[in-house]
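Colleague: I'm new to this one, so could you walk me through how to read a pocket and a couple of loops?
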Amino acid sequence: MLHYLKVWLASARYSIVRTLMFRGDFFVWSLVELFWMVVTLLTIGVIYQHTDSIAGWSKYEMVLLVGTSMMIQRLLMGFFWSSLFEMGRNIRTGNFDFMLAQPGNVMFMASTRKLDPDGLVNLVAAGAVVIYAAQQLQLEITVAGVALYLLMIFCGLVIHYSILALSISVAFWLANAQGLEGGYFTLTEFSRLPKQAFTNLATRVILVWALPAVVVTNAPASTLLHGFDHTWLLWLVGCTIVWFGLAVFVFHRGLRRYSSASS
Amino acid sequence: MFSALEKYRYAFLVGLQSNIVYRWNFAIRGFFSLFHLAAIFVLWTAAFFGRDELGGFSLNQTLTYFVTLLVLQFFISAFNEDYQISEEIRQGIINQFLLKPINYFLYRFSIFVAARLVSGALVLVPLVIAMPFVHDALTFPAEPWRLAVGLPAMMLSAMIQFSIAYCFGLLTFWFLEIQGFVILSMAIETILGGQMFPLDLLPTWAYQIAKYLPFYYQMYFPAAIFTGRLSDGGAIAEGFAIQIGWVLALLLLNHWLWLRGLRRHTAVGG
């Protein structure tokens, strides 16, 4: 465990030094992510100019939900996105050989090679959105409530990581298919919506029950809004275990098929 | 005159072939777009719950707007033309165009038209599959004039889309990496182009400002004509005048950037 922590810290140090070398890039990318967050918030603002509620959620409840979704996404972008995106490309080109020669579990090494400080910087902005919404809603915040919320955010991060790793692992089977990571972004679109909005049976079964798109954000946001509910917690933890297990299984099955491209 | 254009016909045909090679990428993109459409249906159905109209339009009119936008996107949007142009400048591929009697803008535009014909045709496949589910929600106005007016607006929108992408591509003469600028601009285009919500839902003052920006004419303007969100003849005529103005302004900017950029360009090798 300590060995992996040391490896991760070395990768993180390398990424931060690299970021400091390309400060302009860091600034532009931080701005890019911030702009996209503003786009989402503006959309909510415009819709709520014409209505008071979306599926029973008021404006600031919705902002809190979207802020939660942003937090999980920023964490994923900061810690895993670059590494996983590069993993797909390396599988296709055969450069993944490099990862096989690393001192540790291949999935861990391939997932944590790079850190994106711009994603983590915007985590602060996403956190500020959640705090602002909580203030507007005059929520009673307790230490236990915040701890539970953060635990749920962590579960959400593991689920998002698993979905992205699964999408990328498809490259082991379909070397020519690009843009599969789009599957992850598609799913995050649904995670900005309240569970109650899925009234149609098909969308409810697929997106609420079968896929973890909705539970990831609705569980922590509802916990903050309405207090602890064991159903949300059990559902979220269950999803975390199942989806992470599935991602690990599929990745290792795919790894067996990897045939390299070097001599 | 026509013989001078012959070379662009060949560029178009080559573009058609090379884009058919990427049919799976377009198909995957089209497939994921359906999920995006599903998210829009869920969100707006919930927003309309308990009310007949929002901003003066019904739920079905709003959903029709988003379906139209999706189709338009595959027919007229610039996908990765900016990156392609950027790569050609960075790798020195444009050097060959500097030595031949071919206009680089027209060459790239011919390939863009070919690419959009392929992606536009491919989005129809997932759309046909989705039709049984979305059919009941679609409600297009019956006036035939909308087609006659909307199609030229759509062509001009394609020119604006391409010209903006071309400008970003040319920035490579000054900056090594343009991806950040492109995605930054994409965020602005997404909101001011009406992709997140119909622009007429903006507060009046914001809508009035948006009307004078090029993003309004990238997608919203033809979509609003096709779906009945714009009906006033005077407003449409004014829209056309502004749209043509932006096309001309962007073409001039393209030309200026190309000339200024070439002064900075260094061709290496024999």
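Colleague: Which helices supply at least two residues each to the lining of the second largest pocket?

Modeller: Let's start with the idea: rolling a probe the size of a water molecule over the atoms shows where empty space is left. Keep in mind that this is a predicted model. Here the helices are α9 (201-210) of chain A, along with α2 (23-47), α3 (59-76) and α6 (104-134) of chain B.

Colleague: And which helix gives the most to that lining?

Modeller: That's α2(B), with eight residues.

Colleague: How much space lies in the second largest pocket?

Modeller: About 760 Å³. The lining has 23 residues, and the closest to the pocket's centre are N200(A), T203(A), A38(B), F41(B) and F133(B).

Colleague: How do the lining residues divide into nonpolar, polar and charged?

Modeller: Sort them by type and you get 18 nonpolar, four polar and one charged.

Colleague: Where does Q138(A) lie?

Modeller: Look in the loop that runs between α6 (117-136) and α7 (143-169) of chain A. Q138(A) also isn't a glycine, yet has a positive phi near 50 degrees.

Colleague: Why does Q138(A) count as exposed?

Modeller: The cut-off for exposed is over 50% relative accessible area. Q138(A) counts as exposed because its relative accessibility is 70%.

Terms used. Residues numbered from 1 in each chain as written. Chains lettered and ligands numbered in written order. Predicted model: local features only at pLDDT ≥ 70, side-chain atom pairs only at ≥ 80, totals over all residues. Heavy atoms only, no water. 1 Å grid on protein atoms, 1.4 Å probe; cavity = no way out; pocket = protein on both sides within 12 Å on 5 of 7 lines; lining within 4 Å. Points joined across faces, edges and corners; volume = space filled by probe spheres on them. Helix = DSSP H or I, 4+ residues; strand = E, 2+ residues; numbered from the N terminus. Nonpolar A, V, L, I, M, F, W, Y, C, P; charged D, E, K, R; others polar. Buried < 20%, exposed > 50% of the residue type's maximum accessible area, 1.4 Å probe, protein only.
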